[in-house]
Amino acid sequence: MVHGGCLCGGIRYEISGKLDKMHFCHCQMCRRGHGTPFANYVAINPRDLHYMQGEELIARFPSSESTVRTFCSRCGSNLEFSPRTTPDETWIASGGFDGDPQIRPSFHIYVDSKAPWFEITDNLTQYPVSDD
Ligand SMILES: [Zn+2]
Ligand SMILES: [Zn+2]
């Protein structure tokens, strides 16, 4: 069971199922949305994500026709990245986890859009766009 929350502490969640495919995303939307050179996400089944408190603080931003990003309306912390095309899979921003989620990153995506000033120094697989 993984627990996590946003920066202000208003939103708290619990993930009851399996965490999968932790990865770094270098696309420009993630870079802008996170204010960092890349985002780090883990795939989960949305049915395994339970908001324990602060669900009313969740704001939704459709960043494309196929994707909704959620964040805390009070502190701006990124939460979910939900592709509408895969209802059994949502991505959650791993930086919000408490402690060690016991999964490690396995690949990079959208490396073609990588910040030119950031150098990838690990040996994980790099996909120019997505992983499929
Ligand atoms: Zn917050
Ligand atoms: Zn991205």
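Which geometry does the site of the zinc ion (ligand 1) have, given the angles among its four donor atoms? In this predicted model, the site is tetrahedral, with angles of 102 to 115 degrees among the four donor atoms. For comparison, the ideal angle for four tetrahedral donors is 109.5 degrees.

The donors to the zinc ion (ligand 1) are the SG atoms of Cys6, Cys8, Cys72 and Cys75, which lie 2.3 to 2.4 Å from the metal. Along the chain these residues follow the spacing C-x1-C-x63-C-x2-C.

The zinc ion (ligand 2) is coordinated by the SG atoms of Cys25, Cys27 and Cys30, at 2.1 to 2.3 Å. Here the spacing in sequence is C-x1-C-x2-C.

The chain as a whole may now be considered. The protein contains one helix and 11 strands, arranged in sequence as β-β-β-α-β-β-β-β-β-β-β-β. Its radius of gyration is 14 Å, close to the 14 Å that the globule rule gives for 132 residues, so the protein is as compact as a globular protein of that length. The C-alpha trace spans about 40 × 30 × 25 Å along its principal axes.

Buried residues make up 45% of the 132 residues. Among contacts with a separation of 6 or more, 54% join residues 24 or more positions apart. Finally, the accessible surface comes to about 7,400 Å², and carbon and sulfur atoms account for 51% of it.

Conventions. Residues numbered from 1 in each chain as written. Chains lettered and ligands numbered in written order. Predicted model: local features only at pLDDT ≥ 70, side-chain atom pairs only at ≥ 80, totals over all residues. Heavy atoms only, no water. Donors = N, O, S within 2.8 Å, 3.2 Å for Na, K, Ca; no water. Tetrahedral: all angles 85-135°; square planar, octahedral: opposite > 155°, others 65-115°. Helix = DSSP H or I, 4+ residues; strand = E, 2+ residues; numbered from the N terminus. Rg over C-alpha atoms; globule rule 2.2 N^0.38 Å. Buried < 20%, exposed > 50% of the residue type's maximum accessible area, 1.4 Å probe, protein only. Contact = heavy atoms within 4.5 Å. Areas by Shrake-Rupley, 256 points an atom, 1.4 Å probe, with all protein chains shown as cover.
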